[in-house]
Amino acid sequence: MGHTSITRRYRFCAAHRLHTDHLSPEENWAAFGKCNNPNGHGHNYVVLVTVAGSRGRTRGQALDLVELDRIVTERIVTRFDHHDLNQDPGFANQTTTGENLVLLIWDLLAPQLPAGQLQKVGVIETRDNYFEYSGAGKPTIQTTGGPHG
Ligand code: NI
């Protein structure tokens, strides 16, 4: 028997700057280009949260979506919306790339949900950049064009 999943879409707007203190200003510029602009820039991020669905037709929803909305709003949307990602404690020691953001969102959500419920987190950063993580290994990156499309 296959399984179903449910994906909910959330949004937040946030600023960031791709920069690491481990590199010189010149190396930062070489690595991140215009995304290293000292004044930063913003994105309208879209977060796709996928949770396990019901196992069979008669079992109903595995996870209350109202509860999921509450958790994601509290832990993710409120935390990041209209904030500077570079100031977030979750990015104290890492660059605010989409890869790191999708991993951070996974780590913030997974402990809040029943074991095994979180299936996938996706982050749309720009029209052409999508980051995805399913809980094991490295995140998947789909991109066309430059770092920010
Ligand atoms: Ni950016």
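Predicted model: local features only at pLDDT ≥ 70, side-chain atom pairs only at ≥ 80, totals over all residues.
**Figure 1. Glu67 and Arg70 in helix α2.** Arg70 also forms a salt bridge with Glu67, and here the closest N and O atoms are 2.8 Å apart. Glu67 and Arg70 are three residues apart in helix α2, about one turn of the helix. The relative accessible area of Glu67 is 32%, which makes this residue partly exposed.

Figure 2. Glu132 forms a salt bridge with Lys120, the closest N and O atoms being 3.8 Å apart. Is Glu132 buried or exposed? Its relative accessibility is 17%, and buried means under 20%, so Glu132 counts as buried. Lys120, at 28% relative accessibility, counts as partly exposed. Elsewhere, salt bridges that share partners join Glu67, Arg70 and Glu74 into one network. The count for the structure comes to six salt bridges.

**Figure 3. The aromatic pair Phe12 and Phe80.** The whole structure holds three aromatic pairs. In the pair of Phe12 and Phe80, the ring centres are 5.4 Å apart and the planes stand at 35 degrees, so the pair is tilted. Phe12 lies in strand β1 (residues 5-16) and Phe80 in helix α2 (residues 65-80); the pair links distant parts of the chain, 68 residues apart. Phe12 counts as buried at 2% relative accessibility, and Phe80 counts as buried at 0%. Ring pairs link Phe12, Phe80 and Tyr45 into a cluster.

**Figure 4. The open sheet of six strands.** The strands are ordered β3-β1-β2-β4-β5-β6, and their pairing is mixed. Which strands stand at the edges? They are β3 (83-84) and β6 (140-143); each has a single partner strand, so one side of each is left without a neighbour in the sheet. Strands of a sheet pair through backbone hydrogen bonds, either parallel or antiparallel. The pairing of β1 with β3 is in the parallel sense, over two bridges. Asp84 in β3 is the bridge partner of Ala15.

**Figure 5. Helices α2 and α3 across the strands.** Helix α2 lies across β1, β2 (41-52) and β3, and runs at about 15 degrees to β1. Helix α3 (residues 98-109) lies across β1, β2, β4 (118-126), β5 (129-133) and β6. The angle of α3 to β4 is about 145 degrees.

**Figure 6. The whole protein, for orientation.** The protein has three helices and six strands, which follow the pattern β-α-β-α-β-α-β-β-β along the sequence. Of the 149 residues, 40% are buried. Among contacts between residues at least 6 apart in sequence, 62% join residues at least 24 apart. The protein exposes about 8,700 Å², and carbon and sulfur atoms supply 50% of this area.

Technical notes
Residues numbered from 1 in each chain as written. Heavy atoms only, no water. Helix = DSSP H or I, 4+ residues; strand = E, 2+ residues; numbered from the N terminus. Buried < 20%, exposed > 50% of the residue type's maximum accessible area, 1.4 Å probe, protein only. Contact = heavy atoms within 4.5 Å. Areas by Shrake-Rupley, 256 points an atom, 1.4 Å probe, with all protein chains shown as cover. Phe/Tyr/Trp six-rings, centres within 6.5 Å; stacked < 30°, edge-to-face > 60°. Pairing = 2+ DSSP bridges. Axes fitted to C-alpha atoms, helices over the stretch in contact; angles between N-to-C directions. Salt bridge = Lys/Arg side-chain N within 4 Å of Asp/Glu carboxyl O.
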